[in-house]
Amino acid sequence: MNKFLRINDLKVHFPTDDGVVKAVDGLTFDLAKGTTLGIVGESGSGKSVTSLAIMGLHRGSRAKVSGEIWLDDIDLLKTTDEEIRAMRGRKMAMIFQDPLSAMHPYYTIGQQLTEAIRVHHHVSKKAAKVTVVDMLARVGIPSPDKRFDQYPHEFSGGMRQRAMIAMALINNPELLIADEPTTALDVTVQAQILDLMRDLQKEFGSAIIMITHDLGVVAEIADDVLVMYGGKCVEYAEVDDAFHAPDHPYTWGLMTSMPRLDRTRLERLVPVAGNPPSLINIPPGCAFHPRCTFREFASAPCDQVVPELVQSYPKHDSRCLIPAPKRAELFAEQIAPRL
Amino acid sequence: MFYYILRRLASVVVMVFLITATTFALFFASPIDPARYTCGKNCTPTILEGNRKALGYDQPATVQYGKFLAGLVVGREFPDNEQLKADHPEQIVKCPAPCLGYSPSQHRTINEMVSEAWPISLSIAVGAFILWMLIGVGGGIVAALNKGKWQDRTIVGTALIGFSLPTFFVGLVLLTFPAIKWGWVPIPKYVGFTENPALWAANLILPWITLAFFFAASYVRLTRAYMIETLSEDYIRTANAKGVAKWAVIFKHGLRAVLTPIVTAAGLDLGGLLGGAIITESVFSLHGLGYLAVHSVTTMDLPTIVAMVMIVSTFIVVANMLVDIAYGFIDPRVKLAK
């Protein structure tokens, strides 16, 4: 049976005066209902661009989007503007990173959530208000009928993010894309928001794409993990495998640079050396090779041969020129002890 | 809110008071003798002194200013000299409150002159305002939505022309061709709106276009710039992500946010224009407040100058106040102080 969301060889390229920016370059993944995919990567690795491509929000911009995005056996890239507009907010919805700038400053929270309903359903404002107040209560906003008439700037950061989530969930979307929904929040609020999303997923059975650069969030909520680097997927695995047996030097770098509270070691964190690649001039060969500390073990010259995404273990793909057994050895010897 | 408006009104009064006081002071600091201007070619010292007395120019400036202010509140009578009034009771002219003064060059009260000129300026300003808002804001939106395409270039190019061509040139071209040579529209001559609305509009269409061409240009640029900025805001992306229809995104979400700077500019421009469009009125020989102002300056008609300065500054100061109050309604983040 086909999965709910299937993305095949997605490419999002932005032609600019300086050359083509390959923000996403050949991305393939799928997602079943009721499950969560965590997409991880540094800033500029193509995470947000991917989510906007699924929502069809690159339309009308310069971006060239190609490949296939199948949602429930509809190829979203072949839909008309009107068809995809009717799906946005209803079949698929998105939670944005910064709810202060993502909400309209001149309309009340109630007006904005009511609009989200009334765009898709012919209901009276009164009936919509009942649904909105109910949803605001469900995402844990106290005295929702009072909050209904307040403006975004009168909400605290955490409450605003809850309102944003309520707005995304108001039409019970089957696909929910959350673009760094907790990045701007305190850790305590972050945990509440993640709990909330998990509860709502149970209730509605939605598929969730959680975009983040916070591995802790992924460990908390995701079923599958997709690690992006330079617009490409470098590792794609189930969450346990990704955390206990990561199979790509970049993922190792992410893991070892993550602070851990449960280890009281005095050694310093090891950041991934260097900077994320320029998406106009992606390094030849493996995009990660200039920053890779294990390139000497590669079976082919890293700076010339482009590695393919291959399945190294069941349900575990990675894109690396180091032979899989050697990677397992390197991980066991050098990385695992540091985790 | 109520106290805020009250406080602003008080400041308007103070502001207008200061402006008129300054105008008075400047006038008396000049070396020109205003009485000389009221005395024609065959001027004799007797007539000159008589006029000076009749107009009250023989009194100290502070006294004259005091009388002017008193006239605003309780009205005045002219000539401004008890003995002259007693000698020639048939010459007494009554000027009820708010008395703006008596014009020695026109031999009538300024209230009378203003009440004739004001409807003309009001008609010109309001008509032009509606025209330029429609063209300017509409053009700005079209340009913003087609940023970089030929529509955008055409609109911005035309706006640049409108902005750089002087009003008297556009006015003269419009007067010469459509009105005089081709006879499409009447040569502008003010007809009251209540008399004949169609004729009123036909006579004023050229002044409206003249002013609108100039003002619309700056509104095209303003609207386009703010619209482009707004359309790249995160909340516009959110509206799209909610599935809001394209036009609702542009008008309900986009234009709503652009309204603030537009209302600011529009309020101030309209306020300024209500005090008279000097060049346009002169080109089309329409005797509105702008024409009155020019005339009063060229004839050194002190009372009229002071009255005109007061009227124009009141419009601008009040427009400023209304814009600030409007903010409180347009932008919910603005809280008017108590």
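Student: How many residues of domain 1 of chain B are in contact with domain 2 of chain B?

Tutor: In this predicted model, 4 residues of domain 1 are in contact with 4 residues of domain 2, both in chain B. Contact requires C-beta atoms, placed from the backbone, within 7 Å. Local features need pLDDT of at least 70 and side-chain atom pairs 80 or more, while totals for chains, interfaces and linings use all residues. Residues are numbered from 1 along each chain as written, with chains lettered from A and ligands numbered from 1 in the order written.

Student: How do H10(B) and H13(B) cross?

Tutor: Packed helices are described by the angle and the distance between their axes. The axes of H10(B) and H13(B), residues 302-330, come within 8 Å and cross at roughly 160°. That makes H10(B) roughly antiparallel to H13(B), the word for angles over 145 degrees. Among the residues making the contact are B:Leu259 and B:Val263 of H10(B), with B:Phe315 and B:Val323 of H13(B). By class, this contact between H10(B) and H13(B) has 13 nonpolar, 6 polar and no charged residues.

Student: Which helix gives the most to the side of chain B that touches chain A?

Tutor: The contact takes 17 residues from chain B and 23 from chain A. On the chain B side, helix H9 (234-241) and helix H10 (246-274) each supply at least two residues. H9(B) gives the most, with 6 residues. That side of chain B divides into 6 nonpolar, 4 polar and 7 charged residues.

Student: What is the strand order of the open sheet in chain A?

Tutor: Strands of a sheet pair through backbone hydrogen bonds, either parallel or antiparallel. The order in chain A is E2-E1-E4-E5, with antiparallel pairing. Pairing takes at least two DSSP bridges. Strand E2 (19-31) and strand E5 (74-75) of chain A are the edge strands, each pairing on one side only. E1 (residues 5-16) and E4 (residues 64-71) of chain A pair over 7 bridges. A:His13 stands opposite A:Lys64 in E4(A).

Note on methods:
Helices (H or I, at least four residues) and strands (E, at least two) are DSSP runs, numbered from the N terminus. Two residues are in contact if their C-beta atoms, placed from the backbone, lie within 7 Å. Ala, Val, Leu, Ile, Met, Phe, Trp, Tyr, Cys and Pro count as nonpolar, Asp, Glu, Lys and Arg as charged, and the others, Gly among them, as polar. Axes are lines fitted to C-alpha atoms, for helices over the stretch in contact, and angles run from 0 to 180 degrees between N-to-C directions. Angles under 35 degrees count as roughly parallel, over 145 as roughly antiparallel, 65 to 115 as roughly perpendicular and the rest as oblique.
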